[in-house]
Amino acid sequence: MSVDDFAEYIQDENVQRLDVRTVAEYSEGHIARTVNINVMDSSFLTMADSLLRKDRPVALYCRSGKRSKKAARMLTEKGYKVYELERGFNAWQEAGKEVER
């Protein structure tokens, strides 16, 4: 979904926010109130299952949109309802949206 649609969507308190980048990328800046689970980590799905709820939608992003597609596919296969930020955190920053450090 577009940056503006994503920003509006995550205002809903029921939506879980997920950043699938590395810890180093996350620490440089992220969208407020996000959980960070690196999709490239072998324990990604195990961690997702312990931190996320399947009965609530997941809004996720990575840096540019490539890794989030992988994460979205993996989570969807596990039964999560997933929404993805188009063009990732780069697009979020380019749009001048708020970033937490």
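**Aromatic pairs and charged contacts**

Tyr 9 is partly exposed, with a relative accessible area of 22%; buried denotes under 20% relative accessible area, exposed over 50%, and partly exposed the range in between (1.4 Å probe, protein chains only). The structure is a predicted model, in which local features need pLDDT of at least 70 and side-chain atom pairs count only at pLDDT 80 or more, whereas totals for chains, interfaces and linings use all residues. Residues are numbered from 1 along each chain as its sequence is written, and side-chain values use heavy atoms, with hydrogens and water left out.

Tyr 83 is likewise partly exposed, at a relative accessible area of 24%. Four aromatic pairs are found in a search of the whole structure; rings of Phe, Tyr and Trp (its six-membered ring) pair if their centres lie within 6.5 Å, and planes under 30 degrees apart count as stacked, over 60 as edge-to-face and the rest as tilted. Among the four pairs, Tyr 9 and Tyr 83 are tilted, at 4.6 Å centre to centre and 45° between the planes. Because Tyr 9 belongs to helix 1 (residues 3–9) and Tyr 83 to strand 4 (residues 82–84), this pair ties together parts 74 residues apart in sequence. Helices (H or I, at least four residues) and strands (E, at least two) are DSSP runs, numbered from the N terminus.

The rings of Tyr 61 and Phe 89 are stacked, since their centres are 5.8 Å apart and their planes lie at 20°. Tyr 61 is in strand 3 (residues 58–61) and Phe 89 in helix 5 (residues 88–94), so this contact ties together parts 28 residues apart in sequence. Both partners are buried, Tyr 61 at 1% relative accessibility and Phe 89 at 3%. Together with Phe 6 and Trp 92, these two residues form one aromatic cluster.

Side chains of opposite charge can pair when their charged atoms come close. A salt bridge is defined as a side-chain nitrogen of Lys or Arg within 4 Å of a carboxyl oxygen of Asp or Glu, and the count comes to nine salt bridges. One of them joins Glu 13 and Arg 33, whose closest N and O atoms are 3.8 Å apart. Glu 13 lies in the loop between helix 1 and strand 1, and Arg 33 in the loop between helix 2 (23–28) and strand 2 (35–36), so parts 20 residues apart in sequence are tied together. Glu 13 is exposed at 59% relative accessibility, as is Arg 33 at 52%. Lys 78 and Asp 49 meet in a further salt bridge at 2.9 Å, N to O. Glu 84 and Lys 69 do so at 3.4 Å; Glu 84 is in strand 4 and Lys 69 in helix 4, so this pair ties together parts 15 residues apart in sequence. Salt bridges that share partners also join Glu 25, Arg 63 and Arg 67 into one network.

Arg 17, in strand 1 (residues 16–19), is buried yet has no salt bridge, the nearest side chain of opposite charge being Glu 13 at 5.8 Å. The side chain of Arg 17 instead reaches the backbone oxygen of Ile 10 at 2.7 Å.

Conventions: Lys, Arg positive; Asp, Glu negative; His and termini not counted. Polar contact = N/O pair within 3.5 Å; in protein donor to acceptor, adjacent residues only side chain to side chain.
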